[in-house]
Amino acid sequence: MTVVEDLIRVILVEDNQILREELSFQLDLEGFDVRTANDAHELAQLLQVAPCDVLILDINLPGENGFSIARRLTDRDRMGIIIMSARDQLQDKLKGLESGADLYLIKPVDRREVTACIRTLVRRVKPAQDERKGWLFLKHLRQLQAPDGRSLILTPQDARVFTVLVERAGETCARSDVVAALGIEFLDSPDGRTNTTISRLRSKLMAFDDQLGIVAWRNEGYAYVGPAVQIKPA
C-alpha cells in the first residue's frame, strides 16, 4: 500500500470545469494526490497551504495566463511544470518552455501519457528536492524556506543582517559587522537603531518558526541560534 507521505502531489490549474474535474478524477485513479485551481489566485492559495511536486498549467486562464505563472515560479527545485494546452503552434511550445515549463503537452492528452510524464518529471526533480530537506535561504529572492515548504520573504535590510548572522552561526557576530551589513558607518550608527533592526528581525523569524532565534550578548554582539540554514546565492 502506498504511504500517504510518498504520494506524488499534483496541482492542476484549468479554468474549464469539465476538463478540470475529468482529469483530476483520472489522475486520482492513478494514485496521485491531486488538488485543482481555476486560476492563478486559487493556485497561490493552494501553494500557501502546501507545495506540490508537479504543476499542470493551462495557458488560457482568467487573469494571469499560464506562461506568466510558469515564468514567475522561479524556484525550479521545488516543482516540475507541465503546460497542457490546445495551442499547438511551435511558437507557443517554445514560449512555454522558455517560460520555465519542463514539458509542453497538446490537448487532448491520453491519461496514460500524462501519468508517464508526471512520473518521469518527478524522478528528475525529486533529487533536487531531497538535497534541501533542511532550511534554505535563497539570497537573491530574500526567501527563507522551511523543510515543510513554507517560506518567508525578508526585506532587503533584514536579509542582509540575516545572511551575516547565519554565515557565522554558532559564534557571536560583532555589532560593527551587523552595522556594516546595513551599509552604515559604525561610528554613525546609534545602538538603538541596530537593536531595533535586530528586534524586528527576531520577531519575524520567531513568528514564522519558533526554532529560529537571535540572541544579543551585552557589549559583544549578536548570534543566530537555530537550525542550520543553507544559503543559496543568486
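Among contacts between residues at least 6 apart in sequence, 57% join residues at least 24 apart. Contact here means heavy atoms within 4.5 Å. This is a predicted model: local features need pLDDT of at least 70, side-chain atom pairs count only at pLDDT 80 or more, and totals for chains, interfaces and linings use all residues. Residues are numbered from 1 along each chain as its sequence is written, and side-chain values use heavy atoms, with hydrogens and water left out.

**Chain totals**

The chain has 234 residues, and 44% of them are buried. Buried means under 20% relative accessible area, exposed means over 50%, and partly exposed lies in between (1.4 Å probe, protein chains only). The chain exposes about 12600 Å². Carbon and sulfur atoms supply 51% of that area. Areas come from the Shrake-Rupley method with a 1.4 Å probe; for residues, only the protein chains shown count as cover. The secondary structure comes to eight helices and twelve strands. These are DSSP runs, numbered from the N terminus: helices are H or I with at least four residues, strands are E with at least two.

**Aromatic pairs**

The whole structure holds three aromatic pairs. Rings of Phe, Tyr and Trp (its six-membered ring) pair if their centres lie within 6.5 Å; planes under 30 degrees apart count as stacked, over 60 as edge-to-face and the rest as tilted. Two of the pairs are set out here.

| Pair | Centre to centre | Angle between planes | Geometry |
|---|---|---|---|
| Trp 135 and Phe 208 | 6.1 Å | 75 degrees | edge-to-face |
| Phe 162 and Tyr 224 | 6.1 Å | 85 degrees | edge-to-face |

The pair of Trp 135 and Phe 208 links distant parts of the chain. Trp 135 belongs to strand β6 (residues 135–138), Phe 208 to helix α8 (residues 191–208), and 73 residues separate them. Both Trp 135 and Phe 208 are buried. Phe 208 also has a charge over its face: Arg 150 lies there, at 4.7 Å from the ring centre. The criterion is NZ of Lys or CZ of Arg within 6 Å of the ring centre and within 35 degrees of the ring normal.

Phe 162 sits in helix α6 (residues 156–167) and Tyr 224 in strand β11 (residues 221–225), so this pair ties together parts 62 residues apart in sequence. Phe 162 and Tyr 224 are both buried. With Phe 137, they form one aromatic cluster.

**Ile 231**

Ile 231 is found in strand β12 (residues 229–232). Its relative accessibility is 24%, so Ile 231 counts as partly exposed. Leaving out residues up to four places away in sequence, Ile 231 touches Phe 137, Lys 139, Thr 163, Val 166 and Glu 167.

**Helix α2**

Which residues of helix α2 (residues 40–49) are buried? They are Ala 40, Leu 43 and Leu 46. Seen down the axis of α2, the buried residues fall within an arc of 115 degrees, so they line one face of the helix. The arc is that of the directions from the helix axis to the C-beta atoms. On the other side of α2, His 41, Gln 48 and Val 49 are exposed. Cover for the buried residues of α2 includes β1 (9–13), β2 (33–37), β3 (54–57) and α3 (66–72). At the start of α2, a side-chain oxygen of Asp 39 reaches to within 3.3 Å of the backbone nitrogen of His 41.

**Around helix α4**

Asp 92 lies in helix α4 (residues 90–98). Its relative accessible area is 9%, so Asp 92 is buried. The side chains of Asp 92 and Arg 87 make a polar contact of 3.0 Å. A polar contact is a pair of N or O atoms within 3.5 Å; within protein, one must be able to donate a hydrogen and the other to accept it, and residues adjacent in sequence count only if both atoms are side-chain atoms. Not counting residues up to four places away in sequence, Asp 92 touches Phe 67, Arg 87 and Tyr 104.

Gln 89 lies in the loop between β4 (80–85) and α4. Gln 89 is partly exposed, at 47% relative accessible area.

**Backbone details**

Lys 107 and Pro 108 are joined by a cis peptide bond, with omega about -5 degrees. Pro 108 is placed in the loop between β5 (103–106) and α5 (111–131). Arg 142 is a residue other than glycine with a positive phi, near 55 degrees. Arg 142 lies in the loop between β6 and β7 (143–145).
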